[in-house]
Structures are given as structure tokens and as C-alpha cells.
Amino acid sequence: MNDFTLLLPAEALHDIFSYIDQSTCIQCVCVCLNWYQRIPAYTRDIWKEITVSPDSWSTSNDCLIQCLGPHLQKVSVHSMDATNVLRAFKYKHCEIKSLEIITDAKPKDHDGLLSAISQFQDTLTELTIVDYSTSLSWVQLLRLHNLTHLTRVGGALVSHDPEHDPITAIQPMTSLIYLELDGIFDFDTELVPILRCCPNIMSLVVSMDYQMTSEGIEPSSCFDMIFDQCPNLHYIAWNTVVAVAEVTEIINRWKQLRRIDDIVKGVVRQFIYWGRSFDFEQVFPMVKRSAHELECLRIGSSECNWNGGSESLADMHFSRLNTLMMSGMEMTEDEWVRLLTRCEKLERLSVMLAADEVSLDALIAAIHGSMKQLKRFRLVDYEYFTQMDHSQVCRKFGLFSQNTALESLDLGICCAGNVLDDLCEIPSLKELKLKQSSVHRTCVHVDDLLAFSDKLKDTNIHTLALRDFTNITDDVLERFGQVEQLEHLSIAGSASITQTGVNQFFSNYGKELDTSDCRILNQTTRE
């Protein structure tokens with residue numbers, strides 16, 4: 001049989017091999033000596049990035065290594081010691097620009113790992129190390145002079161022997177613009193020296209459970225100390241959980257930033273903070289002076305009694321704010337209304353109410369009256385999920401029928417009465433998520449859900465997620481399947497559907513149905 005790689009022109013071979021994945025490419029390279037030597041030249045485009053794990057990597061896997069070269073630019077190493085992997089990449093003259101190491105395996109040689117990373121210092125611009133078992137030297141990390149993005153999760157922040165590894169001895173790392181840290185550390189002796197080496201960072205992410213002030217520092221001065229070291233800093237996530245989806249979405253946008261116009265020292269444009277109630281006074285001065293520059297503000301507390309400084313927050317005018325997320329803020333109804341009516345340019349709003357004296361109707365009226373550009377809205381009534389005698393029902397969603405921008409609603413409120421009908425009157429709505437309280441699951445009856453499914457047919461909603469609607473039955477599921485434009489349906493928590501009903505849904509409608517978190521079924525069902 002003739003070898004087609006010897007007969008076809010290079011352009012045709014490039015086109016043919018562009019359709020295969022990395023696993024298939026390795027199989028092809030292993031076919032014969034000729035393919036081992038020739039095919040890597042035609043498959044460089046599919047080897048620009050690679051994820052290495054114990055299942056996919058072996059130091060004896062010559063066929064995989066044969067495919068590598070200067071075209072490999074993005075590498076992720078999972079659950080294994082990266083030292084030997086990186087040495088193999090260097091042997092193949094790879095020019096790695098982005099490197100991610102995620103492992104809980106303790107390297108045999110910490111210095112060896114750092115040395116292996118340093119081999120790529122001329123090309124490496126983005127480095128992520130997630131490893132809770134290792135104490136890596138920040139001195140060596142900060143000597144990677146071309147880094148623009150550095151993420152260090154887990155492990156110690158600095159050497160345990162600062163006399164022999166002084167972080168103050170290195171030159172400023174002027175190329176770094178994004179820095180992400182995780183772990184409990186000392187503000188004065190560890191964080192500030194690191195920031196002193198990174199004077200040009202624009203984004204700082206500190207994910208931890210950490211009391212901001214250290215002994216001898218006034219609460220309001222901590223951020224001032226940070227700005228003294230990093231005058232270009234305009235994007236801060238502090239004491240937050242990065243894994244939260246909405247936080248990840250925001251921070252990923254920060255990673256795309258390369259420059260900032262109109263720098264104002266001490267002022268932030270986007271700020272994320274999650275902490276304890278009594279810590280708010282420590283971040284409030286910065287929020288106050290940044291009010292007219294803020295584009296995104298996400299603050300909250302799991303204690304749901306955060307009232308420190310709320311009166312002043314309600315009186316601020318956020319003229320540029322397009323994203324506001326607040327959780328656990330115990331403000332009065334008047335304060336909520338004043339705050340929301342001062343955020344005219346909001347496109348995304350997320351609110352978890354912590355006080356039962358706040359009227360949902362008053363909030364919806366304020367939002368409708370001031371936020372004509374609102375596209376995404378999340379509202380959770382905390383008291384509804386914690387009190388058996390809670391009875392507040394919002395009757396003002398009908399106001400949004402005049403809104404032509406609102407595309408996504410995520411509601412954790414009582415959906416009894418006319419709430420479901422009102423939601424179907426919002427013309428621009430495409431995504432709807434509803435969560436019922438575990439202590440009020442039966443307030444929406446089967447007849448209500450059947451009527452709701454019929455009304456959905458006249459809407460533009462293509463994604464619907466329902467949690468803890470106990471009265472969702474097979475009949476209701478069947479009706480949802482008949483909604484032509486509905487493409488994605490999720491049923492989670494408690495429900496009254498059966499496996500037979502789910503099977504019929506798949507058989508009859510060919511839509512995406514997710515019941516993976518449905519406790520009644522007690523099994524995973526996906527299309």
C-alpha cells in the first residue's frame with residue numbers, strides 16, 4: 001500500500017491532519033518510522049497547548065514527545081510532579097508562554113521544580129501554581145522577569161528562612177500586572193514585601209479567610225499601604241472565594257487587561273469583598289472614594305447581619321456602576337431604595353435580602369424605575385428560606401413587562417400567586433432560574449405549573465431551571481417538553497417526576513434535560 005504522506009502536497013497533509021485530536025495524532029506517529037518523522041511537521045496547530053496528567057503522560061512516551069516543539073505555548077500539569085515533564089519540554093525546545101501546575105503531590109525537590117520552571121523564563125508570561133503541600137520561594141518566582149500574570153494558591157508565601165532567601169533583595173518585577181494569592185499570611189511581613197516587588201500590578205486577587213488589619217495598623221490604612229506599593233492597582237478581589245462562578249467570570253476578564261487609561265491612585269474600578277460583618281469599616285473608605293469610578297462592586301457576608309456603614313453606602317451615587325452584587329447586607333427598605341435608584345447604569349444586579357421588613361414590591365419598583373439597562377437580575381429572600389411563617393409574595397414583577405433589556409432572572413423567592421404569570425410577561429427574558437424554599441415547597445401547585453408551562457409557549461425563554469418545586473410531576477414535565485423554544489431544562493432538589501417520565505421526555509422531545517441534582521430520582525439523567 002502506498003503511503004499517502006509521500007504522495008500528497010504539504011498543504012493537503014496540513015488540512016487532513018487538522019481534523020484529528022492529540023490522542024489520534026499520537027497513534028498516527030506510532031504507526032511507522034516514516035510517520036514518526038513526518039507527521040509532527042503537519043500537526044503543529046493541534047499541539048499549541050497540552051494538559052498533562054498521569055493518565056496521559058509517560059517519560060517513555062516517545063511518540064507524544066516527538067510531537068512537541070517551539071509551537072507548544074500553553075501547558076497544564078495535573079496531579080503529578082511537573083519537574084520531569086518540564087525538562088522533557090525544554091529538551092524539545094518548547095517556548096512555553098502559559099504554565100499551570102495543579103497538584104497535591106509533594107515534589108521530591110522544590111529547587112528542582114523552580115529550576116525547571118526557570119528554564120522558560122525568556123518566554124513565560126503566565127504562571128499558575130496550585131499546590132498545598134509545597135513551600136516555594138517567592139524570591140525565585142519573582143525573578144521570572146517576563147511574567148505578566150502570577151497565581152499562587154496554597155503553600156507558604158515566602159521562604160521559611162528569610163535571612164538566606166530575602167525577598168527584599170530582588171529587583172522590582174515591573175512586567176507583572178496580575179497577581180493572585182491564596183492562604184493565611186501576615187499582612188506586614190509577607191504581603192507588603194511581595195507587593196513592593198510588583199509596583200505595576202493592575203489586578204490583585206487575595207482569596208483567604210483573613211483579618212485584614214495587623215497589629216498596630218489603623219483599619220482604614222491597610223489599602224492605603226497597598227496603593228503606596230502599587231499605584232496602578234484598580235481591580236481588587238479581597239478575602240473572597242474565587243471558585244464561585246460569578247466571581248470567576250469577573251476575574252477572567254481582569255486577566256485579559258493589558259493596560260489602564262486614566263490611572264487614579266487609591267481608587268478602584270472593580271472591587272470584590274466577602275468577609276465578616278465588623279470588617280466592612282475597613283473597606284468602606286476605599287469604596288466611598290471610588291464611588292464615581294466603580295464599574296463592578298460585589299460585597300457580602302455569610303452572617304447576614306452586615307449593617308456597618310450601610311447608611312452611607314445607600315447615599316452614594318455610583319454613576320458608572322454596571323455590576324452590583326450584595327449579600328447579607330442588613331439595610332432598611334428606605335436604604336435599599338435609595339441605593340438602587342442611584343445606580344442607573346446597572347446591567348447586572350444580584351441581591352440577597354437579609355431583613356424581613358424589606359418589601360420585595362418596593363425593591364422591584366425602585367429597580368424598574370431607575371435601571372433601564374438591566375440585563376441580569378438575581379434576587380434571594382433570605383427570610384423565605386429560613387422562616388416557616390414567611391409569607392411575602394412579590395406582586396410587582398409585572399412592571400418588567402415594559403423592560404426590553406432584561407434577559408436573565410434568577411429568583412429565590414416565593415413564587416405563589418401571580419408571580420409565575422408575571423414572569424411570562426417579560427418580553428426580552430431568555431433565561432429563568434427559580435428556587436423554592438425547602439420549608440415552603442408546596443406553595444406552587446400542580447395546576448399552577450401546568451398553567452405556567454402553557455404560558456411559556458408565548459415567551460422567548462430558552463433556558464429554565466427549577467429547584468425544590470415538589471409538585472413538578474411527569475405531566476408537568478411533558479408540558480415543558482411541548483414548549484417549542486425551550487432548549488435547556490433543569491429540575492433539581494425535590495420533585496415528583498419518575499424515571500419513566502424522564503425517559504418519555506427524552507424520547508418525545510430531544511431537548512436537553514438535567515436531573516443530575518434531583519433527589520427524588522436519586523440518579524443522574526442527562527441527554
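# Close-up views of a predicted model

View 1. Asp 410 forms a salt bridge with Arg 378, and the closest N and O atoms of the pair are 3.6 Å apart. The model shown in this and every other view is a predicted one.

View 2. The structure holds 15 salt bridges, and one of them brings together the side chains of Arg 338 and Asp 315, at 2.8 Å from N to O. This pair links distant parts of the chain, with Arg 338 in helix α14 (residues 333-340) and Asp 315 in helix α13 (residues 310-315), 23 residues apart. Asp 315 counts as partly exposed, its relative accessibility being 41%. Another salt bridge is the meeting of the side chains of Asp 45 and Lys 48, at 4.0 Å from N to O. Within this second pair, Asp 45 is exposed, with a relative accessible area of 61%, while Lys 48 is partly exposed, with a relative accessible area of 44%.

**View 3. Strand β5 and its two partners.** How many of the 5 residues of strand β5 (residues 149-153) are buried? The count is 5 of the 5, so the strand is largely enclosed by the rest of the structure. The cover extends to both faces, with His 149, Thr 151 and Val 153 buried on one side and Leu 150 and Arg 152 buried on the other. Strand β4 (residues 126-130) runs parallel to β5 and is joined to it by 5 bridges, and in this pairing Thr 128 stands opposite Thr 151.

View 4. In helix α6 (residues 82-91), the buried residues include Ala 82, Thr 83, Val 85, Leu 86, Ala 88 and Phe 89. An α-helix has 3.6 residues a turn, so residues three or four places apart point the same way. This rule can be kept in mind when reading the numbers of the buried residues in α6, among them Ala 82, Val 85 and Phe 89. Just after the helix, His 93 takes a positive phi of about 60°.

**View 5. A nonpolar patch on the surface.** Phe 4, Leu 6, Leu 7, Leu 8 and Ile 16 form a nonpolar patch on the surface, and together they have about 440 Å² of accessible area. Which helix gives the largest share of the patch? That share, 3 residues, comes from helix α1 (residues 4-7). Leu 7 is found in this helix, and because its relative accessibility is 59%, above the 50% needed, Leu 7 counts as exposed.

**View 6. A negative patch on the surface.** Asp 421, Glu 425, Asp 447, Asp 448 and Asp 458 form a negative surface patch. One of these residues, Asp 447, is found in helix α18 (residues 446-456). Is Asp 447 buried or exposed? Asp 447 is exposed, with a relative accessible area of 60%.

**View 7. Two loop residues on either side of strand β17.** Val 483 lies in the loop between α19 (474-481) and β17 (488-492), and Val 483 is buried, with a relative accessible area of 0%. Val 483 and Lys 455 are 28 residues apart in sequence, but their C-alpha atoms are 9.0 Å apart in space. Thr 498 is found in the loop between β17 and α20 (499-509), and this residue is partly exposed, with a relative accessible area of 35%. The C-alpha atom of Thr 498 is separated by 6.7 Å from that of Asp 474, a residue 24 residues apart from Thr 498 along the chain.

Terms used:
Residues numbered from 1 in each chain as written. Predicted model: local features only at pLDDT ≥ 70, side-chain atom pairs only at ≥ 80, totals over all residues. Heavy atoms only, no water. Patch = residues over 30% accessible without salt bridge, like charges linked within 9 Å, V, L, I, M, F, W, Y side chains within 5 Å. Areas by Shrake-Rupley, 256 points an atom, 1.4 Å probe, with all protein chains shown as cover. Lys, Arg positive; Asp, Glu negative; His and termini not counted. Charge placed at Lys NZ, Arg CZ, Asp CG, Glu CD. Helix = DSSP H or I, 4+ residues; strand = E, 2+ residues; numbered from the N terminus. Buried < 20%, exposed > 50% of the residue type's maximum accessible area, 1.4 Å probe, protein only. Pairing = 2+ DSSP bridges.
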